[in-house]
Amino acid sequence: MRPIQMVDTKTQYLHIKKEVDAAIHEVLDTAAYINGKPVQSFTAALSSYLNVKHTIPCANGTDALQIAMMALDLQPGDEVITPSFTYIATTEVVALLKLTPVFVEVDPKTFCIDPDAVKKAITPKTKAIVPVHLYGHAAPMEEIMQIAKEHNLYVIEDNAQAIGCDYTFSDGTTKKTGTIGTIGATSFYPSKNLGAFGDGGAIFTNDDELAHKMKMIANHGQQKRYYHEVVGCNSRLDSIQAAVLNIKLQHLDAYNKARQAVAAHYNQAFANHSAITTPYVAAYSTHVYHQYTLQLNGVDRDKLSEYLATQKIPSMIYYPVPGHQQDMFASFGLPDIQLDVTDQLTSAVISLPIHTEMDEEQLNFISSQVLNFINQ
Ligand SMILES: *Cc1c(COP(=O)(O)O)cnc(C)c1O
């Protein structure tokens, strides 16, 4: 059996090596390392894939979130509602900009922000909601957008884990996640569903003015060189990464399908097991399985993961400490909050290997070893 990895970007590369190598060499030949042709062609292709008006490339997903928040002119002390159950980048940028993170619960089925919790958290200082499409499943955007509209709030979608995911509204229309809110942000970190060979990120919006502003912010606040209109930063997607992404974007749907096939295999193996809850897929969302995350009931998670490790099966906990429990927020003087669902999920989740290059033999082995341990 081939060795099992959490992600296998090497094998994925080997399938498209010829095209990718040629695209990289073209960048080397033109020496346009920054803002070369592939950057324009990739952002145009991504806008068209997502059906969004503007795609602004940047250096990584964390910057994408930060630039989005900078463009909205949020002021220190403004409150930003976000789930605690997410990767730290989502809330880190809130803290970095001296905004106040307001951590709320997630839905225990979808792992995504709970609209009722959002409603309860709104105060006169609330300016924005940051839903996260965690693990590749959409947050309940229709409800979030409705709440935002009622309270005049911005919505910044953290789409780092869900590129390619479809959201279906109650009227039957469908949109890609990341294109529904005021602004969407994504990451091209190598292990993400659309991963570069280094860092990268992008910001999406249908708003011309915001797009213009975010482009400037990502480029030292300038439109005309050396004339700086606003405080910005330096955040670029380089040409080599764009060249790689250009090719991989053509395979994104197939990659997401391959992830869905892996998930279907696991789902079948673990179906109706009382100790295992398999990922839920809401009627409004597709699932692009950035992670395949189980909830364990009455299983010693550490022992399971140790056992799997002895069988050379990696597993991960995403994430071992939720935002509201992180030391970095200690100095923020945030009110003491109790997030029972978040704490419970944090203690019960385990993610199994999922990527585009897994074979039947590996999947059978992983599922049988998980069941071996749990049924023993
Ligand atoms: C990966 C990720 C980010 C940050 O992306 P980087 O490119 O690593 O900066 C933000 N939010 C979520 C949910 C992520 O998974």
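Start by selecting Phe111, which is buried because its relative accessible area is 5% (buried means under 20% relative accessible area, exposed over 50%, and partly exposed in between, with a 1.4 Å probe and protein chains only). You will find Phe111 in the loop between strand E3 (100-104) and helix H6 (115-121); helices (H or I, at least four residues) and strands (E, at least two) are DSSP runs, numbered from the N terminus. Look at the backbone here: phi of Phe111 is near 65°, a positive value in a residue other than glycine.

Before moving on, keep in mind that this is a predicted model, where local features need pLDDT of at least 70, side-chain atom pairs count only at pLDDT 80 or more, and totals for chains, interfaces and linings use all residues. Residues are numbered from 1 along each chain as its sequence is written, and side-chain values use heavy atoms, leaving out hydrogens and water.

Next, pick Ala31, in the loop between H2 and helix H3 (37-50). Ala31 also has a positive phi, about 60°, although it is not a glycine. With 40% relative accessibility, Ala31 counts as partly exposed.

From there, step back to helix H2 (residues 17-30). Colour Val20, Ala23, Ile24 and Val27, which are buried in H2. They cover an arc of only 95° around the axis, so they sit on the same side of H2 (the arc is that of the directions from the helix axis to the C-beta atoms). Now turn to the face away from that buried side, where the exposed residues Lys18, Glu26 and Asp29 are.

Now show the ligand. Which residues are closest to the ligand? They are Gly61, Thr62, Asp158, Ser187 and Lys192, out of 13 that surround it (a residue is near if one of its heavy atoms lies within 4 Å). Helix H4 (61-71) and helix H5 (89-96) each supply at least two residues of this shell.

Try the distance tool on ligand oxygen atoms: a polar side-chain atom of Thr62 lies 2.5 Å from one, and a polar side-chain atom of Ser187 lies 2.7 Å from one. (A polar contact is a pair of N or O atoms within 3.5 Å; within protein, one must be able to donate a hydrogen and the other to accept it, and residues adjacent in sequence count only if both atoms are side-chain atoms.)

Finish at Tyr318 and Tyr319, joined by a cis peptide bond with omega about 5°.
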